[in-house]
Amino acid sequence: MSQKLNNFDMVIFGATGDLAMRKLLPCLYQAHAAGLLHPKGRILGVSRSQMDTAQFLAKVQSDSKIHVKKNFTDALWQSFIQRIEYVMVDVTQPTHFDDLGKIVKARTETDNVIIYLSTAPKFFAPACENLAKVGLNADNVRIVLEKPLGMDLQSSQQINADVAKYFKENQVYRIDHYLGKESLQNLLPLRFGNVFFEQVWNKDFIQSVQITIAEQLGVEERGEFYDITGALRDMVQNHIMQMLCFVAMEKPKSLKADDVRDEKLKVVAALKPMTSADVDKNVIRAQYTQTAEQKGYLQEHNVPADSQTETYVAIRAELDTPRWIGVPFYLRTGKRLASRTAEIVLNFKAQDNGLFGANANRLVISLQPDETIVAKLFVKQVGSGLDVQPAEMVLDMGKVSDERRAEAYELLLREVIDGRLNLFNRRDELEKAWEWVMPILDNWANSSVKPYGYIASSWGPKEAQDLLARDGNAWLEDQV
């Protein structure tokens with residue numbers, strides 16, 4: 001059955017920027033090439049740069065086309081760029097919005113307008129105010145907010161309050177591209193659609209949970225941005241928190257957006273608050289150090305020589321819920337680590353039935369670079385007797401279906417066009433996440449203790465291994 005395609009105007013603020021050129025436009029091209037965009041759907045590039053549509057398309061040709069890695073043909077590209085127009089708008093100039101309002105409203109055949117704010121958060125408030133003045137906050141308008149949504153709880157609350165003056169909550173799409181990953185979304189059907197998983201997905205059978213996002217790259221040329229952000233703000237408060245929610249949430253009443261997001265909120269609210277002493281005990285922060293081949297963080301471009309910013313963080317967290325009480329959740333992320341991966345590890349308790357010893361199963365759910373689900377089982381050794389040995393059962397999610405797998409941003413952009421909020425953050429969930437990380441940020445801000453060091457391209461500092469060893473546990477790469 002063919003899918004109904006919704007007509008749209010997508011207005012991208014910050015259209016000349018890196019995100020638009022590297023991700024948004026190439027992902028919209030892929031949706032176009034797959035026939036998943038309404039034929040009359042229009043893309044309006046907006047920025048304060050003085051140029052016309054022809055000049056903007058020349059920039060798209062040079063800066064965005066190179067990021068289209070598959071499904072490219074000249075004919076498809078030409079038909080795609082015919083969707084694109086350019087409008088010069090400085091978000092701080094109210095009069096600039098008059099023309100934008102007229103251009104959008106001139107199209108009577110669409111009642112679906114998406115405003116994508118791919119700008120610095122400081123521009124969100126004036127942009128929303130000026131959009132409202134020209135009527136571009138009506139019920140048919142959806143606004144997409146790109147992260148970071150604040151640098152702490154107070155600034156996040158301020159951004160949300162500024163946006164809420166002009167847009168209702170059901171019009172606001174706070175984007176986190178991890179929610180666009182098929183493998184993360186698959187956790188819900190994996191858990192709640194398979195009787196043999198959900199029955200053991202709790203404290204009675206699971207000994208510990210690890211959630212990791214590891215990057216091989218360092219900060220490269222992003223030192224100025226990264227040094228005021230750090231790993232906790234950049235990855236834990238958003239991406240890792242979403243992974244945690246999908247692992248730990250209870251079964252929602254339905255798959256409607258608010259029913260799912262209600263259960264995610266309960267997870268974040270159930271995280272045990274940390275005192276400053278808890279932070280000292282249960283949080284490890286570190287920076288990568290140089291080797292003969294690689295720079296350390298303090299040698300990176302635009303990083304102060306005395307920077308205390310963390311490029312690695314590991315946290316021992318607990319959830320105060322009947323399902324998870326007493327189960328440690330180990331959360332970690334870092335730059336310049338040994339490999340690029342995003343994964344969830346469920347370490348099951350050893351079950352000794354008196355026949356085959358105390359053997360502990362394990363389930364590893366990988367989001368990247370490969371999308372796999374790997375179960376560690378125990379099977380009979382070949383030969384006489386019934387001695388057992390570990391073996392792995394691997395489900396390659398990339399081979400489950402022949403359907404084209406969309407990149408995260410493409411899928412999320414299509415969700416906005418279709419008006420589905422399931423894969424976007426609600427205000428209360430986001431602010432609750434900030435509330436939980438604030439004691440960590442406050443502790444670091446008031447601490448004279450420098451971050452630990454870890455060798456570039458290693459798996460992080462020894463102190464992170466010690467964090468788990470205290471419970472008799474080990475990170476996945478150290479497990480047998």
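Analyst: K23 and E407 form a salt bridge, with their closest N and O atoms 3.4 Å apart. This pair ties together distant parts of the chain: K23 sits in helix α1, and E407 sits in the loop between β14 (388–396) and α14 (408–418), 384 residues apart. A salt bridge here is a side-chain nitrogen of Lys or Arg within 4 Å of a carboxyl oxygen of Asp or Glu. Helices (H or I, at least four residues) and strands (E, at least two) are DSSP runs, numbered from the N terminus.

A word on the basis. The model is predicted, with residues numbered from 1 along each chain as its sequence is written, and local features need pLDDT of at least 70. Side-chain atom pairs count only at pLDDT 80 or more, while totals for chains, interfaces and linings use all residues, and side-chain values use heavy atoms, leaving out hydrogens and water.

Now the cover. K23 is partly exposed because its relative accessible area is 25%. E407, at 39%, is also partly exposed. The cut-offs are under 20% for buried, over 50% for exposed, and partly exposed in between (1.4 Å probe, protein chains only).

Helix α1 holds another pair. D18 bridges to R22, with the closest N and O atoms 2.9 Å apart. The two are 4 residues apart in helix α1, so about one helical turn separates them. D18 is exposed at 52%. R22 is partly exposed at 35%.

Next, a pair between strands. E85 and R42 meet in a salt bridge of 3.3 Å, N to O. E85 lies in strand β3 (residues 84–88) and R42 in strand β2, 43 residues apart, so distant parts of the chain are linked here. E85 is partly exposed at 30%. R42 is buried, because its relative accessible area is 9%. Some bridges share partners: D258, R261, D262, R426 and D428 join into one network. Across the whole structure, the search finds 35 salt bridges.

K40 is placed in the loop between α1 (18–33) and β2 (42–47). K40 touches N7, F8, R83, R107 and E109, leaving out residues up to four places away in sequence; contact means heavy atoms within 4.5 Å.

S118 is in the loop between β4 (113–117) and α5 (124–133). S118 counts as buried because its relative accessible area is 15%. Beyond four places in sequence, the contacts of S118 include L19, A20 and L24, along with F13, G14 and E146.

D227 lies in helix α10 (residues 223–227). Its side chain makes a polar contact with the side chain of Y297, at 2.6 Å. A polar contact is a pair of N or O atoms within 3.5 Å; within protein, one must be able to donate a hydrogen and the other to accept it, and residues adjacent in sequence count only if both atoms are side-chain atoms. D227 also touches V303, P304, S307 and T309, again leaving out residues up to four places away in sequence.
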